[in-house]
Amino acid sequence: MLEPLRQGLPPLDPAAVSDAASCSLPTRYEAVREARQFTRKTCDQWDLDDHFDDVCLVVSELVTNALRHGLPACAPRLTDQEAPVRLHLLRWTGRLVCAVRDPSHDSPVTRAADDFSAESGRGLLLVESFSDSWGWQPMRSGRGKMVWALFLLRPPGGA
């Protein structure tokens with residue numbers, strides 16, 4: 001799971017992961033709410049309440065993109081063990097990575113922000129704005145991709 005996150009990120013020692021949590025998400029838009037609830041619970045457990053708003057916004061956008069663009073048009077309803085979309089939260093000292101896996105091989109595309117009246121199309125711009133870094137990697141298994149966002153965890157009121 002960590003291998004796709006190594007490329008394009010500052011060095012992250014997998015052995016230094018303080019905490020990790022993941023959940024399977026159903027192939028319906030209610031999964032975005034479930035992802036936010038999972039993120040809230042995890043941030044509470046990890047004492048990351050000060051970072052929740054930004055992390056939750058980014059998780060919502062990554063999961064929405066996975067559901068909207070990462071699934072085949074006729075994606076079957078699968079059990080949780082077979083769920084094609086999965087959210088991973090990983091914490092190192094000073095860093096948090098949110099990663100969403102989906103079955104698509106298509107790269108995420110950031111759209112131009114010139115139509116401010118559009119109701120969609122700005123998700124990756126939000127991810128870029130609210131996280132410290134983001135990217136994507138194809139899965140080593142050849143089955144899909146992982147889109148991730150990195151947050152540097154500064155202490156409350158810290159520089």
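**Helix packing and a charge over a ring**

Modeller: Helices α2 and α3 cross in a right-handed sense. The model is a predicted one.

Biologist: Why is α2 called roughly antiparallel to α3?

Modeller: Helix α2 (residues 30–45) and α3 pack at about 150°, their axes 9 Å apart. Angles over 145 degrees count as roughly antiparallel, so α2 and α3 get that label.

Biologist: Which residues of α2 and α3 make the contact?

Modeller: From α2, Ala31, Val32, Ala35, Arg36, Thr39, Arg40 and Cys43. From α3, Phe52, Val55, Cys56, Val59, Ser60, Val63, Thr64 and Leu67. They divide into 10 nonpolar, 3 polar and 2 charged.

Biologist: What makes arginine 40 sit over the ring of phenylalanine 52?

Modeller: The charged end of arginine 40 lies 3.6 Å from the ring centre. The distance cut-off is 6 Å, and the charge must also be within 35 degrees of the ring normal. The pair counts as a charge over a ring.

Biologist: How many aromatic pairs are there?

Modeller: The count is 0. Ring centres would have to lie within 6.5 Å.

Biologist: What makes α3 roughly antiparallel to α4?

Modeller: The axes of α3 (residues 52–69) and α4 (residues 123–130) come within 9 Å and cross at roughly 150°. The threshold is 145 degrees, so α3 is roughly antiparallel to α4. Their crossing is left-handed.

Biologist: What kinds of residue make the contact of α3 with α4?

Modeller: There are 7 nonpolar, 2 polar and 2 charged. Among them are Asp54, Leu57 and Glu61 of α3, and Gly123, Leu126 and Phe130 of α4.

Definitions and conventions
Residues numbered from 1 in each chain as written. Predicted model: local features only at pLDDT ≥ 70, side-chain atom pairs only at ≥ 80, totals over all residues. Heavy atoms only, no water. Phe/Tyr/Trp six-rings, centres within 6.5 Å; stacked < 30°, edge-to-face > 60°. Axes fitted to C-alpha atoms, helices over the stretch in contact; angles between N-to-C directions. Helix = DSSP H or I, 4+ residues; strand = E, 2+ residues; numbered from the N terminus. Parallel < 35°, antiparallel > 145°, perpendicular 65-115°, else oblique. Left-handed = near helix turned anticlockwise from the far one by under 90°. Contact = heavy atoms within 4.5 Å. Nonpolar A, V, L, I, M, F, W, Y, C, P; charged D, E, K, R; others polar.
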